Amino acid sequence: MSADTMQLGAPDALQIGRFAPLIPGLIRATGPVSYDYQFGTDDLLERLVTASWTAPDTLFCAACTTAAVGAEGELLGIELGFEGPKFYAFKTNLAALAPGLIERGAVTHDQLVGLTQRAAKASYLNAHVPEDVYYLHALSTFPQHRGKGVGKALLAAAITRAKKAGYRELQLDVLADNPAVGFYQANGLSILAEIRSPELTRDHGFPAEYRMAVTL
C-alpha cells in the first residue's frame, strides 16, 4: 500500500457501520495509559466510543472524522478533529448518551460515576482549547500501515482544511512518551506547554502531556 492508492474523506453510511468495531482500538492507541486509567480495561471505552461514533456532535463521532481508506476498502487510519469550542460541547453531548446506555444495559451507573471522577483528574493534563483553533482530537493509524505516509496525509489534510476555514492554529494534546511527538515535530508542530500531574505520575504511570501546535 502506498499513499497514492489511498483515499481520504468522510466515511459514508456503509463505512460508518463497517468501521465502527475498529474505531475504539484506534482511539485507545493514541494514549493507552490515559484511556485505560479513565475507562478501565473492561470494554467501557469500546462501548462509549462505539455509541459516540454514530451520534453526531459527540466526542468520537464519525461526522468529525476523516478516514484513510486503502485500495481494497480497508480502513488504514483516522483523523478526528473540530473547531476549538466544540471540544467542550461535544464532551457534554457524550455525557448525554449515558441515560440511554444505562437503559440498554450497555453500561452501569457505577461505571459512569467512576469514569467521571477519573476523567476529571485526567482533564487537568489538558491545557484549555482556544475558540479560534482547530483541535485535532485523535490521529491514529493501524501498526501495519505506519511508516507508509498515512498519518502524514491525514495530518496534512487536517492542516489544509483548518487553514481554509480560517483558524489561526491547529492544536493537539499528546503524551510525552508517545512516538507521535517526533512525527508531529517533523511535520511542523512545536510544543507549547508541558503539564504534569504528580498524583497520576506517581500512582498510575502517567508521563507529561504536551500541547502541540502549528501556526496556519
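Contact means heavy atoms within 4.5 Å. By that rule, and leaving aside neighbours within four places in sequence, Ser52 touches Thr58, Leu59, Phe60, Cys61, Leu94 and Leu97. This is a predicted model: local features need pLDDT of at least 70, side-chain atom pairs count only at pLDDT 80 or more, and totals for chains, interfaces and linings use all residues. Residues are numbered from 1 along each chain as its sequence is written, and side-chain values use heavy atoms, with hydrogens and water left out.

- Ser52 sits in helix H4, residues 44–53. Helices (H or I, at least four residues) and strands (E, at least two) are DSSP runs, numbered from the N terminus.
- The relative accessible area of Ser52 is 0%, so Ser52 is buried. Buried means under 20% relative accessible area, exposed over 50%, and partly exposed in between (1.4 Å probe, protein chains only).
- A polar atom of the Ser52 side chain lies 2.8 Å from the backbone nitrogen of Phe60. A polar contact is a pair of N or O atoms within 3.5 Å; within protein, one must be able to donate a hydrogen and the other to accept it, and residues adjacent in sequence count only if both atoms are side-chain atoms.

**Salt bridges**

- The structure has 9 salt bridges. Each is a side-chain nitrogen of Lys or Arg within 4 Å of a carboxyl oxygen of Asp or Glu.
- One of them joins Glu79 and Arg161, with the closest N and O atoms 2.6 Å apart. Glu79 belongs to strand E3 (residues 75–83) and Arg161 to helix H8 (residues 150–164), so the pair ties together parts that are 82 residues apart in sequence.
- The two partners are set differently against solvent-accessible area. Glu79 is buried at 0%. Arg161 is partly exposed at 34%.
- Lys86 and Glu83 form another salt bridge, with the closest N and O atoms 3.8 Å apart. Lys86 is partly exposed, at 32% relative accessibility. Glu83 is partly exposed too, at 29%.
- Arg202 bridges to Asp203, with the closest N and O atoms 3.0 Å apart. Arg202 is exposed, at 60%. Asp203 is partly exposed, at 44%.
- Salt bridges also link Asp132, Arg168 and Glu169 into a network.

**Aromatic pairs**

- A pair of aromatic rings is described by the distance of the centres and the angle of the planes.
- The structure contains 7 aromatic pairs. Rings of Phe, Tyr and Trp (its six-membered ring) pair if their centres lie within 6.5 Å; planes under 30 degrees apart count as stacked, over 60 as edge-to-face and the rest as tilted.
- Tyr37 and Phe206 make an edge-to-face pair, 5.5 Å centre to centre with 90° between the planes. Tyr37 lies in helix H3 (residues 32–39), while Phe206 lies in the loop between helix H10 (198–204) and strand E7 (209–215), so this pair ties together parts that are 169 residues apart in sequence. Both Tyr37 and Phe206 are buried.
- Phe82 and Phe90 are also edge-to-face, at 5.1 Å centre to centre and 70° between the planes. Phe82 is buried, at 4% relative accessibility. Phe90 is buried as well, at 4%.
- Phe87, Tyr88 and Tyr135 come together in one aromatic cluster.
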